[in-house]
Structures are given as structure tokens and as C-alpha cells.
Amino acid sequence: MSIHQRTLHKAVLFSRRFCSQSFEKGYPIPESFLVNAAPHHIENFDKYKEMYQWSIAEPEAFWSSQAKKLLYWKKPWNKTLDFNFDIQKGNIHVEWFKGGLTNACYNAVDRWVEAGQGDRVAYFEEPNLPNEPSRVFTYGALLEQIQRLSHFLRHQCHIRKGDTVAIYLPNIPELPISMLATCRIGAIHSVVYAGFSANALAERIMDCKARVLITCDGFQRGTKMLNLKSVADEALKIVDRAASHHHFQVKHQIVLQHLKLDQTEYSMHHPRDIYWHEALSNSDPHCPVEWVDAEHPILVLYTSGSTGKPKGVVQATAGYQLHATSTFLYSMNYHLGDVFFASADCGWMLGHSFMVYGSLANGATHVIYSGVPTYPDPGRTWAIVDKYQVNQFLGAPTLIRSLLREGDEHVKKHSRKSLRLLCTAGEPINPHVWKWYYETVGESRCPIVDTWWQTETSGVMLLPPPVQGFIQKPGSAGVPFFGILPKIFAQTENGTFQESNQGTLCIARPWPGILRTLLNDHRRFEETYFHPFPGYYYTGDGCVRDEDGCYWLSGRIDDVIGVSGRRIGTTEVESALISHPHVAEAAVVPVPHELKGQAVYAFVTLRANIQPSENLHLELRQVVREKIGAHAVPEMIQWSPALPKTRSGKIVRRILRIIAEKGHMLSASREELGDISTLAEPQVIDELIQIRLSLVNNKKQVA
């Protein structure tokens, strides 16, 4: 079977019941949003469709118009687009605005200060505890620190255009400052999420050959204190031990005293290490911008691969920032003076795009928070919304489910009257959770902008545009963003593929923010994204397009379960389980079955104060039977106190599948699980394995 056939054989061809389960009607964009929000950038859905058609019919003219409108160019480009998506015709490449000169830091900060708006707030930093002092960074203050750090990197660390700087910081203003200072001088940054292990940090440093590491003494997240300096030092020891193989060394480490820990708790290794405040105080407050070609790399961001080996996604300066800027502007309906709060970290692509490059290029004011959204109580998120009068809030479905689990009272004790728009991203949101988000959190007056995108896409690809005339559908990712031409392919009887309304989602044309390659592995880039369907970008997701042209993502193709010849999308089963009022989260994976080929194995997390029981098992099985059919009923349901998730909130089903299949046989070293460095709470794995082992030992299969 060819790779095309294997890919297509996994395609999700799930029932339309998923698209409308429990919801007989759509939800118009709330009238109060249309009336009370600032003038909309797009008048109505007809105008949106008109702009979309222009972006598809004349992509070069459309994106040239957006590039001139949204970004500053030191020098105009000489060619708008050059690309090849067909691996059979040569190397895959994409180039936007080649020959144009610009700088992402200038577009994000300098031009606002030069326009006399330096006093506008860029970041409100929310502390870990509500009663701790907070910090405020204006655009002017941001620019001064950026320039000082840029000057130090250029003149003391000898960082030049094209060099790489690794950043290992929590979600505090110094993180975007470090990112912007790096790209200001034409260098490339690679942000590694604070909390990754020393091995994971070292692996990424060696892969991107970072010459400087920026970190801090430590930070507090809820009740947990993380000593980042100690982890960073251990990572650099690993790098040094491997120096004979990769022939490079981290020359400088800049250390921010964030918690101002006692210096007996970590070591400073001179002359390699220098404190942040010393570096900045000894640097010039003026550092000229390095104008770079539009295709000059701006960042490397690592994302998990299906094998567990991280992939270094490379983005180009202008195309990346343009896509991030335009998707933020139109999906959030952002206007100057609005306050935006994303319960996300700058260490993943959503944070890069919607908390730094795309949002700052729109002059946005943000709330930035490194703490736990439910600490010290489950109402913390909404307390932050009230404190800063947040207008647009973005939370991953994982967070929304966890807040739902805690009960409505933690939401309703806070006003939330400032909220105008709610957004979600990261994975499909179950219709039941969508409805709670809309009706309870947003009081049916805030549109839900449920976006679909990937690390590799840099910005929104599908969205329900918050414009008059659009009908929201719970669980649907909406319609394509400008310039995005989706194609869905299904397998024919002879093994070829053809366009369909159900199957594998691909993209037919390049958009400005598409990744340019995988660092040090262009062949893997081509094989991963362009080999399965020559001529198209392969998303790896299953999808259904309904009669209104709305798209419904069913999850990764690899998450499809084949039960007795029937293909079952994991999202479909998970949505059925979560529709039960006692269930907070569910994750479904396939396990081998002697008769059926595969069977459904469900991990279920219950809402607060709900205890597992035999009756509840039976109820959940019945819910799945009624909503989908007997063939989709889980063979086993494992009660799970929590689920393994990445730092961005995505459930790692690859690990759950291993636990379900052979959790009782895993070695103590857990090597079979592959790379788990991207997990937010790795200890969850041991808990799940112990529960799996007890099920085997007690011969209790809930079936």
C-alpha cells in the first residue's frame, strides 16, 4: 500500500451527527457585540466573502495590499510570491515579498513610539499571587529595554545577523523583550518553554546551535517554584559534554533575577554568565535596527513529531509577521485601546503570534501571566479579566474544560462585563464545552471565535469570523481565512484520491505564514508535509465540510480508530463522553482487538466532587451508544485524575495509546514513551500507568 493509500485509509469519515449533535440551531453573532463593539474591520459576512474571493482569485494583489497596510517596509519587494508545492517537480520552496527589507521588532514597537504612542501600555504583568505587586510596560519602556539588550547581544556577545539565541524564560515581559531584541539585530531566536527538562533544553540548543542562552533564576507557578538557572546549567553541561560531536559552545548566558533567589541556590559561572540588569545597565539605550530581507529567518520553534522527536519549525520574517498580524486583527476584531488576554505562553506559536509579533504590530495591550489559571482558586482567570477589564479572552479547550469541571459558581462570582469576544485554539472544542463557554462565561453576548491553526501555519487558518451575518456552529472551526484554499481528499476504490466533503484536510496554495523548512532537515520537511499529497500541504487532520461551507476538524488522522471495518474519529467519541454532565475531559485511543481489529479505549476525568462508579460506567457507555452507535462504545473506560498534555494544552494521545496498549509492561525507565519533554506535568504518566496496571492485576475491564 502506497503512502497515499495509507494516509487516506486513515482519513476520518465520521458521521454528520458529530457536526450537529444536541444542537438543532446555529448561533448568530450576538447583536450586543455587533452594536457595542468598536467599528468592525469587516462590515458583514458578505464583505468577508468578497475579501476572501479576492484573496483566492488574486493572492499576490491581495497580500501585497495587506503587507503595505499592516507593516512598514524599508525597501519594497521585487517579487510577491514564488513557490513549488509539488514534490514531483523539484524541491519544495515558498518565498513571499522577496527583496523587500523590513524588521519585525520595528513593526512591533518602534513605529508606535515614533508615532507618539510610547505611553500606551503593551503589557500588564499579572503576578503569581493576586496581592503581589504587578508591573506595567509601556511601548516606550519596552523599546528602551529591547535596545539595551540588543546592544549587549551585538557588542558584548558578538551576535550577528543569522546567529541563534536560545530563550528559556517564563511567561513574563522579559520573554517578548528577549525575542524582539534578537530579531532587532537580525538574529534568530528559539524559545524553549520554561519547565522543559535539562535534556530537552540541551537537545534544542544543540540542534539550533544557539550561541547565547537567556534565562532567569527561577519563577513561581502556583505553589510550585522552578529553579530555571539550575536546569539551564545542567543543560549547558550536557552541551559541553557533546561538544566533540557538534563543535560549538554556548559562549554567554544572561540571567534575569526574577525571583531574586538567594545566590546560594544557584551558581554564576563567570565569564560565561552575566546578570540581566548588569548587561542592560552597561549597554547603550540606542541600537539601530538591522533591516533584513523578507525571507530572512526570524525564529525556530520546536514542535512534537509523531515519533516523539521534536521538529524545528523555521519561519521567515515578513510572511510570518504579516500572517500573524492579519489573523490577530480580523479574528479578534482588535482596536487600539482594547485589552487582550490569552491564557497561553509565549513559548508556543499562539503566544509568539498573538502575544508578541502579530498583536504588537496592531498596537495591542496585553495581560501576560505566568501563573496557574485556577490558582489560588478556580475563579482566578475571571478575576484577572475583571482586574484589567479584558475585552478579548483566548483560552485553549483544555482550560475551558477544566474551568467547566470546577462549576459555574467560580465564573458567576465575577462580573466579566468587559468581555466582548471569546476565542479558543489548540484543538477541536467539544460542542457541549462550546455551549458552556458561550452561555455561562460569555452570557450569550460574546461570539466564540473557535480557530484552527498549527505551529507550522503561524496563524489562523479556519475561523468563525465575528461579523454580522455569520452563524456560529458549536464545534465547527468555521470557514477559511483569507488566502487559505482548503481541499479535502477521500480515497476511491482503486486507491487514488479525489476531492470530497469528508476526509483528509490539505491546503492547495501557500499563505505568507507557512513554515519554510524544518531546521537542518529539509528532506523531513518535504516528506512530512508534501509527500502524502503531491501539490498540497498536508495538515495531518481529518475534516468534514458541511453544506454551508463550514469545516469540522476531527483530530489527527493517526487518531482514527477502525472498529470492525468502521472508521471512528476520536473527537466524535470524546464529544459524546464529555456531553455527560459528570465528565470534565475525555481522551480516546485505539487498542488492538482480536476480533474487531481495534477497539476504543477511553481515559475519562470526572468533574470536581464526582466519584467513579459502576453506574457511571454504564451511563457513559449508553451515551456513546445513543449518540454514535454500538460500534463506538468503549471497550474499556479508565478513570484518570488528569491527562498528559503539552505546555500548550494539547492532549498527547501518542502516550495514552502506549499506556492503553502496554502500560502494564512498560519498563521503569519509560524509554518506550519516547520524548516526553513537551509535557506540562510528566508525573501524570506514572499515575495513569499505575491505574492501568491495577486494572490488569485485578482483571477489571469495564466493558
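A residue is taken as buried when its relative accessible area is under 20%, and by this criterion 16 of the 16 residues of helix 13 are buried, so that the helix is mostly covered. Where pLDDT is low, the predicted coordinates should not be read in detail.

Among the contacts in the protein with a separation of 6 or more, 73% are accounted for by residues 24 or more positions apart.

In soluble globular proteins, nonpolar side chains tend to be buried together. In the present model the largest nonpolar core has 156 residues, of which F97, L180, I205 and F482 touch the most other members. Helix 13 gives the most to this core, with eight residues. A second, separate core of 52 residues includes I400, A576, V588 and V623. The contacts of F97, not counting residues up to four places away in sequence, are with W63, S64, A67, W73, W77, K79, T80, A294, A318 and L322. The UniProt record, in an unreviewed entry, places the feature "domain: Acetyl-coenzyme A synthetase N-terminal" at residues 48-108; in the model this span is 44% helix and 23% strand, and its end C-alpha atoms lie 26 Å apart.

Helix 13 itself comprises residues 317-332, and its 16 residues reach 22 Å from the first C-alpha to the last, close to the 22 Å expected at 1.5 Å a residue. The helix is followed by N333, whose phi is positive, near 45°. Within helix 13 lies L329, which is buried because its relative accessible area is 7%. Leaving aside residues up to four places away in sequence, L329 touches H41, L70, Y334 and N362, whereas L329 and T492, which are 163 residues apart in sequence, are separated in space by 40 Å from C-alpha to C-alpha.

Helix 18, which spans residues 431-441, is likewise described as mostly covered, with eight of its 11 residues buried; these are P431, V433, W434, W436, Y437, Y438, T440 and V441. The helix is followed by E443, whose phi is positive, near 55°. In the loop between helix 18 and strand 21 lies S444, which has a positive phi of about 60° although it is not a glycine, and which is partly exposed, with a relative accessible area of 35%. R445 is also found in the loop between helix 18 and strand 21 (448-450), but R445 counts as buried because its relative accessibility is 18%. Beyond its neighbours within four places in sequence, R445 is in contact with P30, S32, F33, R416, K417, L419 and R420.

Helix 21 (residues 614-627) contains V624, which counts as buried at 0% relative accessibility. With residues up to four places away in sequence not counted, V624 touches V573, A576, L577, G629, A632, V633 and P634; of these, A576 is included in the second core. V624 and K161, by contrast, are 463 residues apart in sequence and 56 Å apart in space, C-alpha to C-alpha.

A cis peptide bond with omega of about 5° joins H270 and P271, and P271 is found in the loop between strand 12 (252-256) and strand 13 (273-275). Another cis peptide bond, with omega of about 5°, joins Y375 and P376, where P376 lies in the loop between strand 18 (365-369) and helix 15 (380-388). In the loop between helix 9 (198-208) and strand 9 (212-216), K209 is found; its phi is near 55°, a positive value in a residue other than glycine, and K209 is partly exposed, with a relative accessible area of 44%.

Methods: Residues numbered from 1 in each chain as written. Predicted model: local features only at pLDDT ≥ 70, side-chain atom pairs only at ≥ 80, totals over all residues. Heavy atoms only, no water. Helix = DSSP H or I, 4+ residues; strand = E, 2+ residues; numbered from the N terminus. Expected span 1.5 Å × (residues − 1). Buried < 20%, exposed > 50% of the residue type's maximum accessible area, 1.4 Å probe, protein only. UniProt positions renumbered as here; feature names shortened; annotations may be inferred. Contact = heavy atoms within 4.5 Å. Core = buried A, V, L, I, M, F, W, Y, C linked by side-chain atoms within 4.5 Å.
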